[in-house]
Amino acid sequence: METDRGEWKIREAVSRNALTTGLVICAAVIMLAAPCFGVRLACAGVFAAGIVRQKKREALRVQELTVYLERANAGSAPVLSALGEDELSKLEDQIYKTVTYLYQTREEAVRVKNEFAHNLSNIAHQIKTPITAISLSVQTMGSGSAEKEGTEQIQRQLMRLTHLEEALLLLARLDAGTLVLKREETDVYTLLMLAADNLQEIFAQSEVSVDISELGEVKVHVDLDWTMEAVMNLMKNCAEHNAGGCVHCAYGQNPLYTKILIWDEGAGFDRKDLPHLFERFYRGKNAREGGIGIGLALAKELIGRQNGTIRAKNLPEGGACFEIRIYRH
């Protein structure tokens with residue numbers, strides 16, 4: 001019913017436009033041919049009124065197309081169908097074709113994304129089965145020196161596979177949009193201390209110390225657990241490339257965003273690696289053996305879902321630095 005009413009309005013508008021154009025042409029002809037000044041003046045008035053009326057109709061058509069584009073941008077555009085021809089009909093036709101193409105492209109992108117998330121989830125679950133079997137085998141092995149060395153090697157690989165499985169499952173949840181972030185007011189100093197406490201074993205293995213300056217109470221609106229996971233990945237990266245050094249943390253706040261800095265005293269990033277550090281499964285020039293290249297990508301995803309950004313840079317005095325910005329609005 002609504003479509004019929006819309007088509008009727010379009011027919012009426014086209015008919016009125018044609019009628020107006022005809023009257024304008026007739027008025028122009030009579031104005032030129034009429035010998036009487038009064039008749040010419042009257043025809044000039046009709047001619048001018050017709051021009052104004054036509055301009056108003058063109059403005060109305062432009063407004064209608066603008067509203068249609070706004071609704072298309074919001075994802076609620078109806079089928080655009082026009083009857084008759086006017087100066088803007090070709091433009092209207094091209095707009096409709098473009099919007100239809102963009103809708104189809106978006107739907108295909110969503111489908112591919114969901115399919116990819118589903119495949120990631122399947123891979124993670126497939127990895128879990130051999131992990132469980134190997135774990136049971138390790139528990140039943142003997143305690144001789146050779147067997148002990150082999151057992152430790154298997155356990156290291158098990159830890160790597162377990163980490164890969166957990167990372168893939170998390171990526172699948174992020175891609176599918178099923179990861180729920182419970183954002184609440186969180187103290188930045190507390191967030192950094194909790195992240196460092198969870199990495200004490202890794203810091204001890206690398207003989208790395210941690211320096212977290214207490215710079216007053218600064219609050220951010222984030223999910224504590226998942227933001228801590230992101231921060232841990234950044235701290236871990238600094239520790240792995242900074243053996244015997246120190247991992248530093250600082251933070252601050254302005255009216256636009258809260259900034260968290262995490263940096264080390266190592267050699268810094270290779271210039272060729274900088275543009276790719278946050279890509280999934282990317283392993284840079286100085287990547288440690290056994291890494292899977294997914295920690296920084298996860299950190300970026302988790303912070304990005306909370307109105308934040310992460311960027312990496314080399315410090316002028318040496319060392320790698322991660323800068324987190326969490327925006328207030």
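**Charged pairs, stop by stop**

This is a predicted model. The count of salt bridges comes to 6. Three of them are visited below, one stop each.

**Stop one: Glu301 and Arg305**

Select Glu301 and Arg305. Their side chains form a salt bridge, 3.5 Å from N to O. Glu301 is partly exposed, at 23% relative accessible area. Arg305 is also partly exposed, with a relative accessibility of 36%.

**Stop two: Glu323 and Lys313**

Next, select Glu323 and Lys313. A salt bridge joins these side chains, with an N to O distance of 3.7 Å. The pair links distant parts of the chain: Glu323 sits in strand β7 (residues 320-327) and Lys313 in strand β6 (residues 308-314), 10 residues apart. Color the two strands to see the link.

Is Glu323 buried or exposed? Glu323 counts as buried, because its relative accessibility is 4% and the cut-off for buried is under 20%. Lys313 is partly exposed, at 27%.

**Stop three: Arg325 and Glu323**

The side chains of Arg325 and Glu323 meet in a salt bridge of 2.6 Å, N to O. Arg325 is partly exposed, with a relative accessible area of 24%.

Note on methods:
Residues numbered from 1 in each chain as written. Predicted model: local features only at pLDDT ≥ 70, side-chain atom pairs only at ≥ 80, totals over all residues. Heavy atoms only, no water. Salt bridge = Lys/Arg side-chain N within 4 Å of Asp/Glu carboxyl O. Buried < 20%, exposed > 50% of the residue type's maximum accessible area, 1.4 Å probe, protein only. Helix = DSSP H or I, 4+ residues; strand = E, 2+ residues; numbered from the N terminus.
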